[in-house]
Each structure stands twice: as structure tokens, then as C-alpha cells.
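Dear colleague,

Please find the structure below, together with its sequence.

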Amino acid sequence: MNFQNLQNIEDYTAYLDYAFSNAKKRIQILKNKRIKSKDSDAKLRHSKYLEIERVKEATKHLTSKLDSIHKKFPQLDDLPEFYLKLAKLTIDYDETKKALGAVKWASFQSKNIRNNTVPEIKKAKTNSHLQKVQKQFYGRISSIVRQIKSSFTALEKTRKQMKAWPDIKTEIRTIAIAGYPNVGKSSLLKTLTGTNPEVKAYAFTTKRLNVGYMYVEPKEFQIIDTPGTFDRDVEKMNDIEKQASLVLELLAEKIIYVFDPSESCGYEINKQISLLKRVRNKFNKPIIVVCNKIDIQNDISLIKEKDIIAISATEKKGIDELKKRIWKKTI
């Protein structure tokens, strides 16, 4: 799902200005078609017609904006499980739901005000009465929208947070890559999928999950490079670590765990082994263990794991064997 294109949520005054300015333009056009009759009753009828059109036009433009917000903003309860849990971890879930409900309420109330105002206009006996009804209409509409001004602020805050969510296909088979920073996870992702991930040379600076797609006939796999060492409760993780943890918990069929036997990543083998144990215990998923950077260090004897695949992601050594293992274990 992609949350990059959610529409901006404006300040409440922007929606009132939009509605009232469009109503004014509409009335200006209609006023140019002046009636020629000098009869006072005819003039009053024409004035009533203009005011009814003003009310309808203002309401139409206001409610179209409000309905668009409610319709296009993600309905939280309908999100796939991954995004639903991500929402509860990274945004104010209850406040966002309440804000969406408030926007829907404001649209409904605005239509009620229109429906109640039109009969009042029709019953008006004088132009001064019409002006009074018009003023009351604008006041009631403005009051309704002003009442939910904090809801617009809350939704814009949520939109900005959602914009940072990863674009992940929750419906296809997923493999996660785990391991310490700089062991070659991003290089492996690139080799497997052709994706050019964001690569940093220092720990925990990834701004987003890196995602790519691999075809091993006849299957398509989503490969996700996940940062983090998973050594603290999810509530204490930063947003990227939370995303990674949820990928491993909810989406990954299995995990490729990457060792760097050269220790050029900055982490000793014992620490890398400890992280593997944490990942295995925390997520309880099948794990394919690979030793990367065999072009630098081909001694993997310190890693006491069965069925290790020795690879060099940069030189593409052992990649075909890894692809076969992925395919065989996900049939």
C-alpha cells in the first residue's frame, strides 16, 4: 500500500473560504442575468432564487471537500493487519478515528443547515429578511466547521506520519533480511532483486525499509531489508525498528539472516550469533543462514549452524543456491 499521495488536510478556514468564494462566483454570474421587470414581487422572487443558489453552492463545495477527506483518508479499521498494527504503534489511532468521524458529522450537519435554510428563504417577505437568513446561514456553517478545527489538525499530523510508512504489498509472499548493520543486507537485496536500496555506512540511519521483488519461476517474492537488533520492547523502538519488527512478525514467511564472518561490519561473531538467537526466539520463523563477504573472509567455522550458505553479495557468489533455498522452502 502506498500512503505517499494522501491529500493535504488544510486549516478549517481554507474550506470555508473555498465554499464561500465559489458561492460568490456563482451568484455573480447569475446576477449578470438581471431581470428587467420593475415589479417588486418579481425582484423579491429573483433575490430568493439567488440566495437559494448561494446556499446550495456553498454547501455543495464545502461538503465535497469534507466528503473527499473522509472518503480518501485511509479507514483505519479496514487496513491489512500489518498496517493496522503499525497504525496503533505510530499514530494516535483513537484521535484519528474521532477526527474522521467529526469530518463526516460536519458534512452531515452542513447539509441539514442547507435543508433548513432553503424553506426560510422561501418564506422571506422582504430583502432585509433575506439578508438576515443569509447571515444566519453563514454563521451556522462557520460554527460547524470551526467546531472541528482540531480534527483537521489531527488528520494532517496523521497524514504526515503515514507518509513515512513503507510501501509494502501485504498480499504476496515475503522474505525478510535480518542481521547487524553493514553485514551486507542492502547489497544482498540489490543482488537478489535489482533494487537500488538506500545504503548507509553507519548504524541505524536507515530512513525507511528497503523493498524489492524477486522472480523465481513461477513465484514472485517480496524481499524486505529490515534494520534493528530487536533487543528492546516494541514500545521503546523508533518508527523504523517498529516497522521492521512487524514485517518479521506478520509478513515474513521466512528470514534470511546475514552473517559477516570478516567482522568488517564492526560486530564480533559472538554478537552476530546472539542476534540470530534473538531473532529466532522472538519471531519463530524458518531462517536461512548465510555468510556474506566470503570474498574477504571464507573461514566460517565459528558459526555453528546447519545448512549455512556461503555467499558474496557484491560478487554474486552463492546467490543461485540461495534462490533455490528460498524457492524450495516456500513451495
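Four bridges connect strand 1 with strand 3, and the two run parallel. Within this pairing, I177 is opposite D225 of strand 3. Please note that the model is a predicted one.

Strand 1 also pairs with strand 4, again in the parallel sense, over five bridges; here I177 stands opposite I256 in strand 4. In general, the strands of a sheet are paired through backbone hydrogen bonds, in either a parallel or an antiparallel manner.

How many residues of strand 1 are buried? Five of the five are, so the strand is largely enclosed by the rest of the structure. The side chains of a regular strand alternate between the two faces of the sheet. In strand 1, T174, A176 and A178 point one way, while I175 and I177 point the other way.

These strands belong to an open sheet of six strands with mixed pairing, in the order 2-3-1-4-5-6. Strand 2 (210-216) and strand 6 (309-310) stand at its edges; each has a single partner strand, so one side of each lacks a neighbour in the sheet.

Helix 7 (residues 185-193) packs on the sheet and touches strand 1 (174-178), strand 2, strand 3 (219-225) and strand 4. The direction of helix 7 makes about 40 degrees with that of strand 2.

Strand 4 (residues 252-259) and strand 5 (residues 287-291) form a parallel pair over five bridges, with V258 opposite V290 in strand 5. Helix 9 (residues 269-283) lies across strand 4 and strand 5, and runs at about 170 degrees to strand 4.

Yours sincerely

Methods
Residues are numbered from 1 along each chain as its sequence is written. This is a predicted model: local features need pLDDT of at least 70, side-chain atom pairs count only at pLDDT 80 or more; totals for chains, interfaces and linings use all residues. Side-chain values use heavy atoms; hydrogens and water are left out. Two strands pair if DSSP finds at least two bridges between them. Contact means heavy atoms within 4.5 Å. Axes are lines fitted to C-alpha atoms, for helices over the stretch in contact, and angles run from 0 to 180 degrees between N-to-C directions. Buried means under 20% relative accessible area, exposed over 50%, partly exposed in between (1.4 Å probe, protein chains only).
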